[in-house]
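Please read the following briefing alongside the sequence and the 3D view.

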Amino acid sequence: MMSEKPWAGRFTQPTDKFVEEFTASIDFDKRMYRYDIQGSIAHARMLARQGIIGAEDAEQIIGGLEGILTDIEAGNFVFKVSLEDIHMNIEARLIERIGAVGGKLHTARSRNDQVALDVRLYLRDELKEILGYLRRLQESLLQQAEQNLAVIMPGYTHLQTAQPVLFSHHMLAYYEMIKRDAGRFADVLKRLNVLPLGAGALAGTTFPIDREFVAEQLGFDGVTRNSLDSVSDRDFALEFCGASAILMMHLSRLSEELILWSSADFHFIELTDAFCTGSSIMPQKKNPDVPELVRGKTGRVYGNLISLLTLMKSLPLAYNKDMQEDKEPLFDTIDTVKGSLKIFADMIAEMKVQAENMRVAAARGFSTATDVADYVVRKGLPFRQAHEVVGKTVRYCIEHGKDIPELSLEEFRQFSELIAEDIYDYVTLEASVNARRATGGTAREAVEREITRARQELV
């Protein structure tokens, strides 16, 4: 029977009860049970293959571990704070099930390289799931772009009407952001996917282990190359939290726009009832709670990144107990990112666009003023002079309560004799949008090309 404390031989006093609770991590690291067992099974196979333990011992160990997995998933496993963490809880139960042979499992490894392995295995699967959610969100954005190709909306700078753009173009801007996010998470996955097991506590092991075999068993691309770095590295967690912070910033920006657009003042979109709530006192209210909450959750992800950076900033090599604090911010970030992405993909897919309201707004605010400037530049006027001409034109419009397309030719020519009857071919919303045909522009043909390219990327 295993001692309550696997390291108790060195000590003459029992651990203080509060210290025991304070230092335990089982309340949060138990979510890694599957990966702890997966890593232990691969380790046991390697020990037998190398002749470090007998084949029959390995079979017993693997059978015991598989039984423990069944117990945990059936809810028939009691996690004990006294055993500190997921590793010792599983090892203690293994020894209870199969006897002293279970104690051979920990040969040639330490909890230091074991936890480094578990976190990598766990995060690897979560990353793959997150990449799937990112793809779903890209699909939703692309779907909105395809369905609303004729919709013109005001483009803004400083939240002031600037130039008209296609709503599809606006959706594709977020598609590009999410595409970069997916690339960052894929990069995290590449650097994460190396095996740390075999580093021991910090210096490696005297046993003739085969790390490459374990790496192959667990689907890693290779093994870590320095035992000190292997047990003390949490760069992969930091990279993940950094990529998550950027992603949440993107979702927060989109959230802000959805909140504005769904307000009565804009009424550019309507979020379906499934993603909104009402007011306890004002019966007319339909509150965009989902984007508001995602906008708020961005702060906790930023906090988790800062927490991890602060945790690691002064740690000497190799493992330190401080590093136990890496899991809660990492796990919270994973949960927040997954939840935010899942709900956003569904919400964007169901979002309804109020095309006429967008068009009316795009026609206000002199959004085609730049097109008048471009027009007189093409007629030979230097741009700086053209800028002044249009500035005076806009001032005239403000004073007389008119928009640019409403001016007569005579009114236009007050400001430049270069302006002719064909000016009206350039100052409509459609003309303004479709004149911007270069790659990356808002013209319909340019946007259609980008939609086609995006569809090919997602195949």
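What follows is a set of notes grouped by topic.

This is a predicted model, in which local features need pLDDT of at least 70 and side-chain atom pairs count only at pLDDT 80 or more, while totals for chains, interfaces and linings use all residues. Residues are numbered from 1 along each chain as its sequence is written, and side-chain values use heavy atoms, with hydrogens and water left out. Helices (H or I, at least four residues) and strands (E, at least two) are DSSP runs, numbered from the N terminus.

**Helices α6 and α10**

- Helix α6 (residues 111-147) packs against helix α10 (residues 235-261) at an angle of about 20 degrees, and their axes are 12 Å apart; axes are lines fitted to C-alpha atoms, for helices over the stretch in contact, and angles run from 0 to 180 degrees between N-to-C directions.
- The helices α6 and α10 are therefore roughly parallel to each other, given that angles under 35 degrees count as roughly parallel, over 145 as roughly antiparallel, 65 to 115 as roughly perpendicular and the rest as oblique.
- On the α6 side the contact (heavy atoms within 4.5 Å) is made by V119, R120, L123, L127, I130, L134, L137 and L141, and on the α10 side by F236, F240, L247, L251 and L254.
- By class, this contact of α6 with α10 has 12 nonpolar residues, no polar ones and one charged residue; Ala, Val, Leu, Ile, Met, Phe, Trp, Tyr, Cys and Pro count as nonpolar, Asp, Glu, Lys and Arg as charged, and the others, Gly among them, as polar.

**Helices α3 and α6**

- The axes of helix α3 (residues 33-49) and α6 come within 9 Å and cross at roughly 120 degrees, and the two helices are therefore oblique to each other.
- The crossing of α3 and α6 is right-handed.
- From α3, the residues Y35, D36, Q38, G39 and S40 meet Q114, L117, D118, L121, Y122, R124 and D125 of α6.
- The residues of this contact of α3 with α6 divide into four nonpolar, four polar and four charged.

- S340 is found in helix α12 (residues 327-350), and with a relative accessible area of 3% S340 is buried; buried means under 20% relative accessible area, exposed over 50%, and partly exposed in between, using a 1.4 Å probe and protein chains only.
- Leaving aside neighbours within four places in sequence, S340 is in contact with M248, L251, V294 and K297.
- K297 lies in helix α11 (residues 289-312) and counts as partly exposed at 27% relative accessibility.
- With neighbours within four places in sequence again left aside, K297 is in contact with M248, T336 and S340.
- K297 and T333 are 36 residues apart along the chain, and their C-alpha atoms are separated by 9.6 Å.

**L202 and A318**

- L202 is found in the loop between β3 (194-195) and α8 (211-217), and is partly exposed, with a relative accessible area of 40%.
- Not counting residues up to four places away in sequence, L202 touches S227, L228, V231 and A318.
- The C-alpha atoms of L202 and V231 are separated by 6.4 Å, although these residues are 29 residues apart along the chain.
- A318 lies in the loop between α11 and α12, and the peptide bond from L317 to A318 is cis, with omega near 10 degrees.

**Backbone angles and cysteines**

- Most residues other than glycine have a negative phi, and most peptide bonds are trans.
- H158, found in the loop between β1 (152-157) and β2 (160-166), has a positive phi of about 60 degrees although it is not a glycine, and counts as exposed at 76% relative accessibility.
- H267, found in the loop between α10 and β5 (269-270), has a positive phi of about 50 degrees and counts as partly exposed at 35% relative accessibility.
- The structure holds zero disulfides, a disulfide being a pair of cysteine sulfur atoms within 2.5 Å.
- C276 counts as buried at 15% relative accessibility, and C397 counts as buried at 1%.

How values were computed
A crossing is left-handed if the near helix is turned anticlockwise from the far one by less than a right angle, and right-handed if clockwise.
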